[in-house]
Number of protein chains: 2
Amino acid sequence: MRASRFFISTLKEAPSDAEIVSHKLMMRAGMIKRLGAGIYTYMPMGLRVIRKVEAIVREEMNRAGAVELLMPVVQPAELWQETGRWNKMGAELMRVKDRHGRDFAIQPTSEEVVTDVARSELRSYKQLPVNFYHIQTKFRDERRPRFGLMRGREFTMKDAYSFDRDVDGLKKSYQAMYDAYVRIFTRFGLEFRAVAADNGAIGGSGSHEFHVVAATGEDALVYCPTSDYAANMEAAEALPVDSTRGAATQALEKTATPGKSKCEAVAELLGLPLARTVKSIVLAVDNEDPAKKEIWLLLLRGDHELNEVKASKIPGLSTYRFANEAEIVEWFGTPPGYLGPIGTKKPVKVVADRTVANMADFVCGANEADFHYTGANWGRDLPEPLVADIRNVVEGDASPDGKGVLAIQRGIEVGHVFQLGTTYSEAMKATYLDEAGKPQPLVMGCYGIGVTRILGAAIEQNFDDRGIIWPTSIAPFEVVLCPMGYDRSEAVKTEIDKLYAQLSEAGVDVVLDDRGERPGAMFADWELIGVPHRIVVGDRGLKDGNIEYQGRRDTEATQVPLAEALAFIQGKLAA
Amino acid sequence: MRASRFFISTLKEAPSDAEIVSHKLMMRAGMIKRLGAGIYTYMPMGLRVIRKVEAIVREEMNRAGAVELLMPVVQPAELWQETGRWNKMGAELMRVKDRHGRDFAIQPTSEEVVTDVARSELRSYKQLPVNFYHIQTKFRDERRPRFGLMRGREFTMKDAYSFDRDVDGLKKSYQAMYDAYVRIFTRFGLEFRAVAADNGAIGGSGSHEFHVVAATGEDALVYCPTSDYAANMEAAEALPVDSTRGAATQALEKTATPGKSKCEAVAELLGLPLARTVKSIVLAVDNEDPAKKEIWLLLLRGDHELNEVKASKIPGLSTYRFANEAEIVEWFGTPPGYLGPIGTKKPVKVVADRTVANMADFVCGANEADFHYTGANWGRDLPEPLVADIRNVVEGDASPDGKGVLAIQRGIEVGHVFQLGTTYSEAMKATYLDEAGKPQPLVMGCYGIGVTRILGAAIEQNFDDRGIIWPTSIAPFEVVLCPMGYDRSEAVKTEIDKLYAQLSEAGVDVVLDDRGERPGAMFADWELIGVPHRIVVGDRGLKDGNIEYQGRRDTEATQVPLAEALAFIQGKLAA
């Protein structure tokens, strides 16, 4: 590509509404252009990256035996009503009426449509397994779209759906997709991590997320550096800090802690480690009969955090909400700040985190303003609690696989594989006939990759103060040729044109900057855009028969003999 | 591709709602699947064709210097309001509200968005010309979607938009697109015709349509076989059949024509050629002041048809409608059937088609039931009329370029190039700065290709009673390999696997049918699907060292020595 025939539009400053680095850099590099909240035009430079991402996804999906089709953006409401998602999805589902008043959804995903395809096309066990995928425009009406392509409303996603005869088949299809995703993200050249996610319908490790590792990531990834354990924060199992409970050594004592409503302050006042304190979190579960409303007390060690997803999995808590102050006063006899499990005004259900259940001589609120108990002990001062894993793991926790301690890093979710099971096929009566001619529900998996989000994630992981640093495989161009005086020097023009032809001929995705920009502006543009390999051809170097190579992360340039330029670049690209 | 890893789903019968051959064959070949009225899933076999069409379009657009970007499907109403299309577009424009109640359009085209891109990105004459295009999902809420992909609601279109500094520049950009379209349709391997269309905003031949020639086409294409004149029926100029008016030889006479209200019947009764009769068409033009309503009488030769587009271009008739019976009685004193220009009850404006204006001694209605005039002559019996071209041309008419006579064929519109001028840029204040630093409106052109419609059009042109016959360049596969007993014969499996590897290696898009279907079913499938080249490998042929080749249009097979198979196929593909 000659730059003069392309469209390059860079900005010195990012627009003020760009909050994160990838958004700012994509705007400055002219890769995207905002059309409305969470809606972007992909400008030519950005579209090149998207196409490269799509091509890698497509190749690996096909290699894994998935078959590409294309399902519509606008989908009849009837299918969404069959699965109940028409009502369940809420405001995120963009809904539209046609001229005849019929309802349609603008697809955020395509489970319903693909299950409709499957129920009419997949009739016999002989046709299974099948994995259909498409790469298509999606719309999700986010309440607060932001972060550029990271949380847009219109975006491009690859979504695949596998159909198997049974769970064994699903597990094979799932593994094939998991392996394909590993190949895809490896080919992207990004540092990534697959983590177990909240369990799927099938149970076990029925769901994994693929994250691009980035300090700015919204998600916390938990992993064990000395084993292959990895899970997202929601799903990471927290073992008790102490594997057994110590013996009681102190008497229960009500202690004045005036104005110290936080564990940190109480620990400081009492001269105790924070790890000796227990904090109280009060939940409410409503009932149609208000008299049957339940109040639950969840207990966590003072330095631990509640994991809301884990809490919601405790039988009876699936629909919990946090209790309000009036409820707390009614059940505990005191406002928040000094709550605890001993001597509540009305009975509450107590759940202790595994770590709390193994604590002895602990400190907790006394259900009286400005007082705490010290020396509290299970069994002696209060009944044994219901015990559950309800906290977030922290760095240094023991790994659940027993093979080391946990570490945490930040990630951006860009892929998800999920064992759906028969939820959709049963709701939509999507069956196949088995060998005995008996209809059986299709067993499904679904597998997504956020194509446009990859761009944002790649940048969050790879940038510096000059701009983006694309991995070669998804860079808008692999190599940029910068002439020093394309219109001034016959020698420069001749040699760089020749090199451009050589590289193009060899299949290198190269751009020749023939725009006539001054060197400083030209270099700044390509560093901002993030092309990973740059070659400068100038009279000075040519005098010695050299061109100048600089990788985007290199601190200085390398002189390369002109005659070896092609081989040199090919070596760099193969690296 | 191995067929066993692809998804093939053929039907013996087309669904009953498929009205035209391309729709039927695409459904039977498993290329599309209906999701709702005018909304289809592109199944794997159909998507392959779409991707090939897109690839050719993309290559030629890039070659012509256009730059690809991707504009959103969901577009803010504000932009559409700036150009007034939000109101003008009516029910065809699918409208949707987001969760905050803001209005959006689901794009049927992207003039507004691209002009918005242009007004912020194109600041200087130095950046011009630019041509932006995208290949994107469109939605048009047709009142009556039908004919499969021919008149769907959701479809894929390539739309390009050029921006120039002046009309000269626009004409160059337009010509570049015209030439690119010729290359694109040539590469598709389809018989096509470019015809001048209704004039664009710029005047002159500011608009051309590209049609795939097909007997089933909805549009009539007018062309001169001995020159390069070609226009669609709406735009084709009709010259007067006689270039000058003959002298009057008969007296005006009121003749009884009881019950003969049609020109054909009158001509027969009077023993005159139909070409001596004149028919009357009555139009009304409403006015806010009902007293100022105008009634117009349009006169056509008895065997000619009104061209409604031409009529609407007559000054004063842009908002015409056909008059109703009450109006006819009020102005002509008689119900329809015997109307004419002589002796109307109230004054009407008379427009004679050019042919009628040159007629002498003609027959027309007498404005009295059961009576016609014969021997009517302009100037003598009635005033000279306003003369205009208001009829459709017919086969055999003189070509407007004076280089022969016109022929007519049917076509399916698949492309359109259009000189827009400054309509959008002025409405949206999209200007650039000229050399003097003065803002000037961008001069625009727009250029569409109906990507998914190409599939329907290609089939309407290329099919037989066995199925589709794809041109090689857009066939889902170029070559199909059919083994006779893949699982039975070691020799067949070995040789066809080898040939499959050879062809794949050589870059041929080949499918090996390893499904284990019986020969009859296998051949029927691929003939229905329309793969243009078939190779059969069986034990019988192998005995003589042969394989069997048959082109989709061939009536019989050719024996080809196994050793020459690759070269033979490459020869066929290059043909």
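The crossing of helix 2 of chain B and helix 6 of chain B is right-handed, a crossing being right-handed if the near helix is turned clockwise from the far one by less than a right angle, and left-handed if anticlockwise. The model is predicted, so local features need pLDDT of at least 70 and side-chain atom pairs count only at pLDDT 80 or more, while totals for chains, interfaces and linings use all residues; side-chain values use heavy atoms, with hydrogens and water left out. Residues are numbered from 1 along each chain as its sequence is written, and chains are lettered from A and ligands numbered from 1 in the order in which they are written.

In chain B, the axes of helix 2 (residues 44-63) and helix 6 (residues 167-188) come within 9 Å and cross at roughly 150°. Helices (H or I, at least four residues) and strands (E, at least two) are DSSP runs numbered from the N terminus; axes are lines fitted to C-alpha atoms, for helices over the stretch in contact, and angles run from 0 to 180 degrees between N-to-C directions. Helix 2 of chain B and helix 6 of chain B are therefore roughly antiparallel to each other, given that angles over 145 degrees count as roughly antiparallel, under 35 as roughly parallel, 65 to 115 as roughly perpendicular and the rest as oblique. On the side of helix 2 of chain B, the contact (heavy atoms within 4.5 Å) involves Val53(B), Ile56(B), Val57(B), Glu59(B), Glu60(B), Met61(B) and Arg63(B). Their partners in helix 6 of chain B are Met177(B), Ala180(B), Tyr181(B), Arg183(B), Ile184(B), Arg187(B) and Phe188(B). By class, this contact of helix 2 with helix 6 of chain B holds 9 nonpolar, no polar and 5 charged residues, where Ala, Val, Leu, Ile, Met, Phe, Trp, Tyr, Cys and Pro count as nonpolar, Asp, Glu, Lys and Arg as charged, and the others, Gly among them, as polar.

In chain A, helix 2 (residues 44-63) and helix 6 (residues 167-188) pack at an angle of about 150°, with their axes 9 Å apart. Helix 2 of chain A and helix 6 of chain A are therefore roughly antiparallel to each other, and helix 2 of chain A passes helix 6 of chain A in a right-handed crossing. The contact of these two helices of chain A comprises 9 nonpolar, no polar and 5 charged residues.

A further helix pair was examined in chain B. The axes of helix 13 (residues 490-505) and helix 16 (residues 565-574) of chain B come within 10 Å and cross at roughly 45°; helix 13 of chain B and helix 16 of chain B are therefore oblique to each other. Helix 13 of chain B passes helix 16 of chain B in a right-handed crossing. Leu499(B), Gln502(B) and Leu503(B) of helix 13 make the contact with Ala565(B), Leu566(B) and Ile569(B) of helix 16 of chain B, giving 5 nonpolar, 1 polar and no charged residues.

For chain A, the domain assignment (automatic or from a database) gives domain 1 (10-73 + 106-231 + 408-460), domain 2 (253-388) and domain 3 (477-574). The C-alpha centres of domain 2 and domain 3 of chain A lie 66 Å apart.

Between the chains, 58 residues of chain B are in contact with 58 residues of chain A. The area buried between chain B and chain A is about 4,700 Å², of which carbon and sulfur atoms give 61%; buried area is the accessible area (1.4 Å probe) that two parts lose on being put together, summed over both.

A cis peptide bond joins Leu128(A) and Pro129(A), with omega about -5°, and Pro129(A) is placed in the loop between helix 5 (111-121) and strand 7 (130-139) of chain A. In chain B, a cis peptide bond joins Leu128(B) and Pro129(B), with omega about 0°. Asp361(B), although not a glycine, has a positive phi of about 50°.
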